Amino acid sequence: MPKKRPLVIVTRKLPDSIETRMMELFDTRLNVDDKPMSKAELIEAVKVADVLVPTVTDRIDAAILTNANDNFRLIANFGTGVDHIDTAAARQRGVTVTSTPGVLTEDTADMTMALILAVPRRLTEGERLLRHGDWRGWSPTHMLGHRIWGKRLGIIGMGRIGSAVARRAKAFGLSIHYHNRRKVSADMEEELEATYWESLDQMLARMDIISVNCPHTPATYHLLSARRLKLMQPQTYVVNTARGEVIDENALTRMIRNGEIAGCGLDVFEHEPAVNPKLLELDSVVLLPHMGSATIEGRIDMGEKVLINIKTFVDGHAPPDRVLPDGF
Ligand code: 8YV
């Protein structure tokens, strides 16, 4: 008798080629309407699925996992960050979690660099002005921003994405500084001419631009707290393409409004998709709807990784992108 194919439930619409392959390989339930699933729908899904393919928009917490059926063994996340999944609760139930690292590094670093350029050079502010028909012609003192070249960039989190940002930034004449749990290799420091700051507080006080590139974990929640934001100088810009929860968004908004921080470029928010309405009133901010890795190529590569993780797992092998819960 042929072996029963595993039931894979995918929570959001994925690229067509990925969905086609998924259906060839597994008994697959897709979400062709792409409507985010409610908590009740996620519970119903884990009651019957063998494998769940969630995204950043699905909160897979312990309450959902307690409803999982005995054959539910794999959460194959479509995305690198897994802060929306209770990985400890999954481990306790013997459920493996995988992610899609590596394939969105360059795209996310490009978007980070785009924000590093866009905010000090007032890119979207200028475009808004022109589109609104408010451009009265060139003037020597119109729309002056700040020079990028020669400034100091402080990167928080020098992993794959942080170092890809550093490579780009170096080419734009920024000097590279970073704070990380540990120093990167001497070779990488030399290549990037990067300066390590063991003390985040001290780095924050001395930078022109800060880029957040660390994951959101219990240890990095509000890492840029009101206290730390106050350490920065009024000419400093903040860019975040990692997770909104790493910054106290209310404090950041308040301080930009008060002129204590120069501006920010945010691709991620603390309560996505909600955005603090006071942020929307500010000119010196560039706000994007979580598009850091949104390229067609990137989404297909992410889907391929999900397929490989599921296939190797159901074939009885260790999936390549297994995530270990914090502390392991
Ligand atoms: C993804 C991301 O688009 O992979 C991540 O961690 O933040 C995004 O770039 C999203 O998470 C997909 O689930």
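In this predicted model, Tyr178 is buried, with a relative accessible area of 0%. Tyr178 belongs to the one aromatic pair that a search of the whole structure finds, its partner being Tyr196. The points below cover this pair, the strands and their pairing, the salt bridges, a nonpolar surface patch and two further residues.

**Aromatic pair**
- The ring centres of Tyr178 and Tyr196 lie 5.1 Å apart with the planes at 45 degrees, so the pair is classed as tilted.
- Whereas Tyr178 is buried, Tyr196 is partly exposed, its relative accessible area being 21%.

**Strands and their pairing**
- An open sheet is formed by five strands in the order S2-S1-S3-S4-S5, with parallel pairing.
- The edges are taken by strand S2 (27-29) and strand S5 (96-98); each has a single partner strand, so one side of each is left without a neighbour in the sheet.
- From one strand to the next, the twist averages 20 degrees.
- Within this order, strand S3 (residues 51-53) and strand S4 (residues 74-76) run parallel and are joined by two bridges; Leu52 has Ile75 in S4 as its bridge partner.
- Strand S9 (residues 209-212) pairs with S10 in the parallel sense over four bridges, and Val212 stands opposite Asn240 in S10.
- Strand S10 (residues 237-240) is covered on both faces: Tyr237 and Val239 are buried on one side, and Val238 and Asn240 are buried on the other.

**Salt bridges**
- The structure contains 22 salt bridges.
- In helix H6, Glu127 and Arg131 are four residues apart, about one turn of the helix, and their side chains form a salt bridge at 3.1 Å, N to O.
- Glu127 is partly exposed at 40% relative accessibility, while Arg131 is exposed at 63%.
- A salt bridge also joins the side chains of Arg128 and Asp283 (4.0 Å, N to O).
- Because Arg128 lies in helix H6 and Asp283 in the loop between H12 and strand S12 (285-287), this pair ties together parts that are 155 residues apart in sequence.
- Arg128 is partly exposed, with a relative accessible area of 30%.
- Arg152 and Asp208 form a salt bridge in which the closest N and O atoms are 3.2 Å apart.
- Arg152 is located in strand S6 (residues 152-156) and Asp208 in the loop between helix H9 (200-204) and S9, so this pair connects parts that are 56 residues apart in sequence.
- Of these two partners, Arg152 is partly exposed at 32% relative accessible area, and Asp208 is buried at 8%.
- Lys13, Asp16 and Glu19 are linked in a network of salt bridges.

**Nonpolar surface patch**
- Leu130, Trp135 and Trp138 make up a nonpolar patch on the surface, together having about 440 Å² of accessible area.
- Leu130 is placed in helix H6 (residues 123-131) and is partly exposed, with a relative accessible area of 49%.

**Further residues**
- Cys214 is found in the loop between S9 and helix H10 (226-231) and counts as buried at 9% relative accessibility.
- Cys214 and Ile161 are 53 residues apart in sequence, with their C-alpha atoms 8.5 Å apart in space.
- Pro277 lies in helix H12 (residues 277-280) and counts as exposed at 54% relative accessibility.
- Pro277 and Lys39 are 238 residues apart in sequence, and their C-alpha atoms are 26 Å apart in space.

Technical notes. Residues numbered from 1 in each chain as written. Predicted model: local features only at pLDDT ≥ 70, side-chain atom pairs only at ≥ 80, totals over all residues. Heavy atoms only, no water. Patch = residues over 30% accessible without salt bridge, like charges linked within 9 Å, V, L, I, M, F, W, Y side chains within 5 Å. Areas by Shrake-Rupley, 256 points an atom, 1.4 Å probe, with all protein chains shown as cover. Buried < 20%, exposed > 50% of the residue type's maximum accessible area, 1.4 Å probe, protein only. Phe/Tyr/Trp six-rings, centres within 6.5 Å; stacked < 30°, edge-to-face > 60°. Pairing = 2+ DSSP bridges. Axes fitted to C-alpha atoms, helices over the stretch in contact; angles between N-to-C directions.
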